[in-house]
Amino acid sequence: MDTPPPPTEPTPPTPDDLAACRAQLGRTPRGLRAVAHRCPCGLPDVVETAPRLEDGTPFPTTFYLTCPRAASAIGTLEADGVMREMNARLQSDPELAAAYRAAHEDYLARRDAIEVLPGFPSAGGMPDRVKCLHVLVGHALAAGPGVNPLGDEALAMLPEWWRKGPCVSPGTSVADVPAADGTVTGAPAPHGHDGRRGTA
């Protein structure tokens with residue numbers, strides 16, 4: 001996309017936000033603290049999750065992407081080998097590696113400001129690898145441009161998923177959500193493949 005979605009201020013979730021997240025995820029989100037970024041359509045697309053879920057389980061993924069259209073488009077990038085190319089560049093580009101490590105430190109600082117999880121990594125493979133673009137894009141949207149370089153890059157590769165209007169309404173099933181290209185393919189694949197513990 002030429003212009004990424006503008007940053008938005010985090011806000012406490014409203015009942016409508018909770019209903020939208022349930023429709024987006026196909027279940028009730030756990031540990032939800034805030035809407036970390038709001039899609040241009042008005043719905044949440046990234047939520048902030050507590051470092052520990054209600055039962056005390058650690059959940060290191062602070063910024064969790066909820067929009068099924070964005071998630072589907074990111075899955076396509078992953079299938080096309082974007083993570084492999086990014087990992088190769090991390091090994092050969094010291095400036096990129098340093099900026100990515102700074103993104104890792106930013107992620108930890110934001111999580112630690114809520115609750116410290118001693119010994120737990122950040123997320124998405126940071127600081128040394130790219131293991132989940134969903135995490136990096138979620139961080140990029142929540143933190144704003146210039147914080148996570150590879151999240152910003154992945155975000156720039158995505159279509160403008162909000163152009164067709166809101167992805168869900170409170171009564172919509174996630175399986176009925178059109179992908180960014182307009183096709184309906186059922187529920188998007190889970191994006192917890194980066195070793196995250198639990199799901200939001």
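Trp-161 touches Met-1, Pro-5, Cys-39, Asp-45, Cys-67, Arg-69, Ala-70, Leu-141 and Leu-155, leaving out residues up to four places away in sequence; contact here means heavy atoms within 4.5 Å. This is a predicted model, where local features need pLDDT of at least 70 and side-chain atom pairs count only at pLDDT 80 or more, while totals for chains, interfaces and linings use all residues. Residues are numbered from 1 along each chain as its sequence is written, and side-chain values use heavy atoms, with hydrogens and water left out.

Now for the core. Trp-161 is one of five residues, with Val-130, Leu-133, Leu-150 and Leu-158, that touch the most other members of the largest nonpolar core, which has 41 residues. Such a core is a set of buried Ala, Val, Leu, Ile, Met, Phe, Trp, Tyr and Cys residues joined through side-chain atoms within 4.5 Å, and buried means under 20% relative accessible area (1.4 Å probe, protein chains only). Among the elements that each supply at least two residues are α1 (15-25), β3 (63-65), α2 (68-79) and α4 (94-112); helices (H or I, at least four residues) and strands (E, at least two) are DSSP runs, numbered from the N terminus. The largest share, six residues, comes from α5. Apart from this core lies another, of seven residues, including Leu-32, Leu-53, Phe-59 and Tyr-64.

Let's stay with α5, the helix that holds Leu-133. Leu-133 counts as buried because its relative accessible area is 0%. Beyond its neighbours within four places in sequence, Leu-133 is in contact with Ile-74, Leu-77, Glu-78, Val-82, Met-83, Met-86 and Ala-154. Leu-150 sits 17 residues from Leu-133 along the chain, with 8.3 Å between their C-alpha atoms.

Val-82, Met-86 and Ala-154 turn up again where two helices meet: Val-82, Met-86, Arg-89 and Leu-90 in α3 face Leu-150, Glu-153, Ala-154 and Met-157 in α6. The residues of this contact divide into six nonpolar, no polar and two charged. Helix α3 (residues 82-92) and helix α6 (residues 149-157) pack at about 145°, their axes 12 Å apart; the axes are lines fitted to C-alpha atoms over the stretch in contact, and angles run from 0 to 180 degrees between N-to-C directions.

Finally, the hairpin. Strand β1 (residues 32-38) is mostly covered, with five of its seven residues buried. Five bridges join β1 to the antiparallel strand β2 (residues 44-49); two strands pair if DSSP finds at least two bridges between them. Arg-38 has Pro-44 as its bridge partner in β2. Five residues lie between the strands of this hairpin, where Gly-42 takes a positive phi near 110°.

How values were computed: Buried means under 20% relative accessible area, exposed over 50%, partly exposed in between (1.4 Å probe, protein chains only). Ala, Val, Leu, Ile, Met, Phe, Trp, Tyr, Cys and Pro count as nonpolar, Asp, Glu, Lys and Arg as charged, and the others, Gly among them, as polar.
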